[in-house]
Amino acid sequence: MKRSNTFFVCLLVLLTGFIASLVDVAIENGQVLPQAAESAELVSRLGLTDLALFTEARYTRHPSQADIHSAFQDHPVALEHFPTGSLLQPSNGSLP
Amino acid sequence: MITILRKQRYFIDYTLGTMMRHKGKSLGLLSVYTMIIFMLASVMLFSHAMRSEAVALLADSPEIIVQRIQAGRSVMVPAEYLQRIGKLRGVTEKRGRLWGYYYDPAVKANYTVMVSEQDNLSINDIVIGAGIARTRGLSVGDYLTLRSHEGKAFSFRVVRLLESESELISSDLLLISSVGYRRLFGIDESYYTDLVLSVRNPREIQKIAEKLTRLLPDSRPILRAEILRTYESLFSWRQGVMLILLLGSVLAFVIFAWDKASGLSAEERKEIGILKAVGWETGEVMRMKFWEGVIISLMAFLIGYLAAYLHVFYTSAGLFEPVLKGWSVLYPSFQLTPSVDGLQLATLFFFTVLPYTLATIVPVWRASITDPDLVMR
């Protein structure tokens with residue numbers, strides 16, 4: 001087999017994978033997943049406001065509910081010290 | 001047309017042959033290049049999917065939440081604020097919410113304790129999220145002991161577990177009755193954590209928020225649009241230790257690739273000289289090098305992107321978990337819905353494939369316009 005043929009076969013396989021990923025996105029977006037329905041019901045029933053992604057501090061657990069000082073509240077001149085603070089942007093309302 | 005295609009194929013054949021002669025170098029470059037694209041694409045896919053997921057999940061969150069701010073901190077809201085708000089036009093429902101946090105020293109985790117009226121829980125009943133159940137090893141019928149504000153131990157019976165499908169929003173939730181909540185935290189009947197207002201017409205929300213700040217000057221209304229905006233900018237590209245670390249490796253790669261692509265070795269110069277001497281034209285030498293750049297960068301892009309796609313959507317972004325987890329004990333286990341932003345994907349393509357391909361051509365052009373005899377010396 002010529003080298004270029006091997007290359008084209010590899011390229012074809014990769015392109016098929018690439019297109020398959022886009023098709024996967026289109027299919028998943030068109031479906032209402034049970035997890036989404038379950039979560040939406042809970043959000044509307046309990047009035048939830050945030051994702052339970054960063055549970056280490058209250059301003060990272062509920063970034064949308066946190067006030068501007070919460071990350072630096074421990075004592076005067078306290079610095080924000082939770083690791084998530086470096087990943088998470090402060091809530092939109094508290095930005096200048 | 002067929003002749004042109006056939007000619008390009010010969011170029012590819014020749015280029016692949018050259019690359020195979022320097023197998024170690026070519027494979028090394030391809031794997032480093034693929035790794036960089038994998039990392040960049042993983043961050044890109046993960047942050048986009050997380051944003052989409054959050055915005056979709058929180059679409060039904062309360063229209064307006066009213067907090068009370070005292071000396072720059074959120075404090076409990078007196079129940080009489082509900083009367084002070086009175087009847088605002090457009091507000092269909094207003095109620096007080098009771099929620100807070102409980103630090104469990106046994107597992108060093110924070111629970112989000114929330115009152116659920118709809119669950120009709122008795123004073124000793126609780127409903128817990130899948131994360132708490134997993135961490136504490138609890139199931140229905142088990143007891144969880146929490147220490148009250150007075151230091152007394154309260155035992156609560158787990159009557160239900162929240163479905164693990166909703167773990168992304170409920171992993172650390174602990175639902176409790178209002179009497180149980182007030183007794184646990186020592187909060188009397190005249191206070192709520194915050195107030196929730198339902199508004200029928202979304203266009204009136206801003207106006208109602210303005211009225212609220214006039215009626216209750218010490219209050220801070222949080223609108224649903226603000227919650228969604230917070231999550232739209234959740235993982236900003238400007239933020240993040242992960243991205244700063246990644247930036248270092250990207251820069252290292254740029255230097256490596258630039259050095260490899262733009263600085264021709266003596267051997268490569270000699271090769272170009274020989275090709276010119278046996279009759280290759282400048283354009284043909286450049287096309288050969290162009291194919292080298294395309295083969296490396298296109299393969300790296302496709303392999304890197306596909307690996308990132310599988311990593312983020314089919315292995316729950318396992319490599320990012322330690323970074324995202326931080327000190328969170330109750331990290332939820334969740335599967336993201338596949339979603340790709342076409343613009344981001346195109347940007348990644350243009351910023352990775354094009355610069356490398358172009359960087360390979362320029363020095364070759366410089367070498368190939370020089371006299372072959374001079375180049376070979």
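**A sheet and a helix in chain B**

In chain B, strand β5, residues 99–104, pairs with β6(B) in the antiparallel sense, and six bridges join them. Please keep in mind throughout that this is a predicted model.

Let us look at this pair in detail. β5(B) and β6(B) make up a hairpin, with four residues between the two strands. Within that turn, B:K108 has a positive phi of about 55 degrees. Going across the pair, B:W99 has B:M114 of β6(B) as its bridge partner, and B:Y101 stands opposite B:T112, also in β6(B).

What lies along the other pairing of β6(B)? There, β6(B) pairs with strand β10 of chain B, residues 173–176, in the parallel sense over four bridges. B:T112 has its bridge partner in β10(B), namely B:L173.

How many residues of strand β6 of chain B are buried? The strand covers residues 109–115, and seven of its seven residues are buried. B:A109, B:Y111, B:V113 and B:V115 point one way from the strand, while B:N110, B:T112 and B:M114 point the other way; all are buried.

Six strands of chain B form an open sheet, in the order β5-β6-β10-β7-β9-β8, and the pairing is mixed. The edges are taken by β5 and β8 (143–147) of chain B; each has a single partner strand, so one side of each is left without a neighbour in the sheet. On average, neighbouring strands of this sheet are turned by 35 degrees against each other, direction ignored.

A helix also packs on this sheet: α6 of chain B, residues 178–185. Helix α6(B) touches β5, β6, β8, β9 (153–161) and β10 of chain B, and its direction makes about 135 degrees with that of β6(B).

Finally, I turn to another helix, α10 of chain B, which runs over residues 266–277. Its twelve residues reach 16 Å from the first C-alpha to the last, close to the 16 Å expected at 1.5 Å a residue. Which residues of α10(B) are buried? They are B:I272, B:G273 and B:K276. Viewed down the axis of α10(B), these buried residues fall within an arc of 100 degrees, so they line one face of the helix. Just after α10(B), B:G279 adopts a positive phi of about 115 degrees.

Thank you for your attention.

Terms used. Residues are numbered from 1 along each chain as its sequence is written. Chains are lettered from A and ligands numbered from 1 in the order in which they are written. This is a predicted model: local features need pLDDT of at least 70, side-chain atom pairs count only at pLDDT 80 or more; totals for chains, interfaces and linings use all residues. The expected span of a helix is 1.5 Å times one less than its number of residues. A residue is buried if 20 or more other C-beta atoms lie within 10 Å of its own, exposed if 12 or fewer, and partly exposed in between; C-beta atoms are placed from the backbone. The arc is that of the directions from the helix axis to the C-beta atoms. Two strands pair if DSSP finds at least two bridges between them. Axes are lines fitted to C-alpha atoms, for helices over the stretch in contact, and angles run from 0 to 180 degrees between N-to-C directions. Two residues are in contact if their C-beta atoms, placed from the backbone, lie within 7 Å.
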